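The sequence and the coordinates are shown first, and the commentary follows.

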Amino acid sequence: MEGQQLRKQTARGARWSVAERFSGQSVTFVVIIFMSRLLSQEDFGLVGMLVIFMDVAQALADGGVSQALIRKNDRTASDCSTAFFVNVAISGIMYVLLFFTAPVIARFYGHTELVILTRILSLCILCNALMMVQQAVMTASMDFRTQAKATMISAVIGGIVGIAAAYLGAGVWAIVACQLVRSMTNCISLWMMSSWRPSFTFSMASLRYFGRFGVNLTVAGVMHTIYKDLYPLIIGKFFQAASLGLYTRATQFSEFPSNNLNAVLQRVLYPAMCMVREEDERLRCIFLRFLRMVAFIVLPVMTVICSLSDPIVVCLVGEKWAYAGRLLAILSLSVMWIPIDTLNLSLLQVKGRTDSYLRCEIIKKIWGVAVLVVTLPFGLEALCWGQVIRTVFDLAVGMYYGGRMAGVSVSRQIMEIVPAILVSAVMAVSTYFCIGFINNGWVRLGIGAGVSAVIFIVMIRLIAPDILSEIKYLLFKRNNGLMA
């Protein structure tokens, strides 16, 4: 594929992927705000206790099959059908395991209501399996427009059901209804909008390919999921359900921009880099340009959220969640590095080095568990600061392993993101001095956001005008982009 054609396809995919992620997630974010005002911290804490079990089951169910299908440029109908049946079968096994282990989960936390909650909420895993191939095929062809429509429809319908249930006093079941209806609606929408249908074919050659590529990714993914969700598990076990509710709320607020950008990166950049994986110089150029662009987007955004964490929480969800603002400020400093780490790990997948990917994750998790053990006795805030320490270490490891695939050293990567760090620091200091003596939450939020936006625009025009041009091209198809 020619450079200009790849650039246009990547830009088009990025625009629709951003639309798909942020439109759907924005609706979800608004829904969470309304439901937070209607439901208690304990309600969100109960669902938070199940996160680790749902996420691990989902990681095992996928088994790296979707990534393998996207990476295979010459995929056939037999490949897709094999992936479909394998994914549905494993997902069915995961559901059965969760169904019968639900009483064990309930006894672990000491909440009997978790039995039925687990059995109902885990139906989402089956819905995700039924639409996995459609999503993978669309992602490989960078058809995010169709996915954006399905996501928006499901987010709106699920949100309406969730808010209505919460208003009627359904409690924790309002959250379950929202998530389950959203998954089911998304699945039905994708089947209606996609022309792909499974055929009754099964290829052992395809299965072996998925196994070779997916086994290391699956192990790494499960390790990452267990560690990521270990915090809700530990907090739910050793703290009150309300504390887990506060932590969950802070996590959702901090991860909203970071995780969505992360998803866009994985879904747009990964297939784009797969197309040029044999052309080292082009791969290196694409990587460096996205590295700078990601840094200039995510670091300033997360810095603003950190600086305005208290008014964000109090103004949006009320005084009863005020302590979550302190946790949000800390967690924002943690998640800001995740998209850059993901960008590096994508290089390992592109090059087929899933062995290095797994080794990288093992190193990270050993360090992460050590940090968790050390910080646990010191309380909730200490656990959050431990996550900051952990993600900075993860970034260094990811830069080392991933950068080698593109011939980019750790020091070179640091030099590329230093300007973004400088811009973020200036924004944080300026915001602090501008709102430090203002008491009204909405006024603090408005002035802080306005000052940060002005400083960002002025500084990026001065020190990184090329990045501004690239962002405009990717989002609005204006000016000359840099993707070559």
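The model described here is predicted. Cys127, for instance, takes part in none: the nearest cysteine sulfur belongs to Cys187 and lies 5.6 Å away.

Two cysteines may be set side by side in terms of burial. Cys127 has a relative accessible area of 12% and is buried, whereas Cys285, at 25%, is partly exposed.

## Nonpolar cores

The largest nonpolar core contains 130 residues, and the members that touch the most others are Leu114, Val133, Phe287 and Ile340. The greatest contribution to this core comes from helix α13 (residues 280-307), which supplies 15 residues.

Beyond its neighbours within four places in sequence, Val133 contacts Leu69, Cys80, Ala83, Phe84 and Trp196. There is also a second, separate core; it has five residues, among them Met131, Met138, Cys187 and Leu190.

## Packing of helices α8 and α9

Helix α8 spans residues 132-140 and helix α9 residues 144-167; their axes approach within 8 Å and cross at roughly 140 degrees. The arrangement of α8 relative to α9 is therefore oblique.

On the α8 side, the contact is formed by Gln135, Met138 and Thr139, and on the α9 side by Phe144, Thr146 and Gln147. By type, the residues of this contact comprise two nonpolar, four polar and no charged.

Technical notes:
Residues numbered from 1 in each chain as written. Predicted model: local features only at pLDDT ≥ 70, side-chain atom pairs only at ≥ 80, totals over all residues. Heavy atoms only, no water. Core = buried A, V, L, I, M, F, W, Y, C linked by side-chain atoms within 4.5 Å. Buried < 20%, exposed > 50% of the residue type's maximum accessible area, 1.4 Å probe, protein only. Helix = DSSP H or I, 4+ residues; strand = E, 2+ residues; numbered from the N terminus. Contact = heavy atoms within 4.5 Å. Axes fitted to C-alpha atoms, helices over the stretch in contact; angles between N-to-C directions. Parallel < 35°, antiparallel > 145°, perpendicular 65-115°, else oblique. Nonpolar A, V, L, I, M, F, W, Y, C, P; charged D, E, K, R; others polar. Disulfide = S-S within 2.5 Å.
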